[in-house]
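Try each task before reading its solution.

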Amino acid sequence: MIGSQIRTTVRERARDACEYCRLHQDDSPLSPLHVEHIIPKVHGGTDDIDNLALACIDCNLHKGTNLTGIDPQSNEVTELFHPRREEWKEHFEWQGIYLKGRTAIGRTTIRVLNINSEDQIALRSS
Ligand SMILES: [Zn+2]
């Protein structure tokens, strides 16, 4: 159970934006961003604040209980981006409204979380 105090702290730490696709809460007025477990509970993840991140509904639903995916470039099993241990800018960069992976982790995360889906692109271009 994650208390409201912790939720507030996670939200402030993320500056009210998804820690994967960077969608800001202001650009998602109908869908509150979620506090999610980076390592899902089914894999032993805890409610510790170091295992929590703020995520938009799209990223959260696609991430589900995944820890890894297949890097589309190398076809190797690769871990998903970990917002607490890794720097977003090392793994991702914007090319216009498309998010590009700079690393295997970035590419894999974009693929599994479907970060360049039509819905996401539409939100970014509005
Ligand atoms: Zn997102």
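**Exercise 1: A covered helix**

The buried residues of helix α4 are covered by, among others, α2, β3 (68-70), β4 (77-79), α3 (88-91), β5 (92-95) and β6 (98-101). The model is a predicted one. Task: find which residues of α4 are buried.

Solution. Step 1: take buried to mean under 20% relative accessible area. Step 2: list the residues of α4 that pass, namely I105, G106, R107, T108, T109, I110 and V112. Step 3: helix α4 spans residues 104-112, and seven of its nine residues are buried, so the rest of the structure largely encloses it. Step 4: look just after α4, where N114 has a positive phi of about 55 degrees.

**Exercise 2: The zinc site**

Task: name the protein donors of the zinc ion and state the geometry of the site.

Solution. Step 1: the donors are the SG atoms of C18, C21, C56 and C59, at 2.3 to 2.4 Å from the zinc ion. Step 2: four donors count as tetrahedral if all angles lie between 85 and 135 degrees. Step 3: the angles among the four donor atoms here are 103 to 118 degrees, and the site is tetrahedral. Step 4: along the chain the donors follow the spacing C-x2-C-x34-C-x2-C. Step 5: C18, in the loop between α1 (4-13) and β1 (34-37), and C59, in helix α2 (residues 57-63), are 41 residues apart, and the pair links distant parts of the chain. Both C18 and C59 are buried.

**Exercise 3: The largest pocket**

Task: describe the lining of the largest pocket.

Solution. Step 1: the largest pocket holds about 330 Å³ of space. Step 2: its lining has 15 residues, with R13, E19, R22, R84 and W88 nearest the centre. Step 3: sorted by type, the lining has nine charged, six nonpolar and no polar residues.

Notes:
Residues are numbered from 1 along each chain as its sequence is written. This is a predicted model: local features need pLDDT of at least 70, side-chain atom pairs count only at pLDDT 80 or more; totals for chains, interfaces and linings use all residues. Side-chain values use heavy atoms; hydrogens and water are left out. Donors are N, O and S atoms within 2.8 Å of the metal (3.2 Å for Na, K and Ca); water is not among the atoms, so sites may look incomplete. Four donors count as tetrahedral if all angles lie between 85 and 135 degrees; four count as square planar and six as octahedral if opposite donors are over 155 degrees apart and all others between 65 and 115; anything else is irregular. Helices (H or I, at least four residues) and strands (E, at least two) are DSSP runs, numbered from the N terminus. Buried means under 20% relative accessible area, exposed over 50%, partly exposed in between (1.4 Å probe, protein chains only). Contact means heavy atoms within 4.5 Å. On a 1 Å grid over the protein atoms alone, a cavity is a set of points where a 1.4 Å probe fits but cannot get out, and a pocket is an open set with protein on both sides within 12 Å along at least five of seven lines; lining residues have an atom within 4 Å of a point. Grid points are joined across faces, edges and corners, and a volume is the space filled by probe spheres set on the points. Ala, Val, Leu, Ile, Met, Phe, Trp, Tyr, Cys and Pro count as nonpolar, Asp, Glu, Lys and Arg as charged, and the others, Gly among them, as polar.
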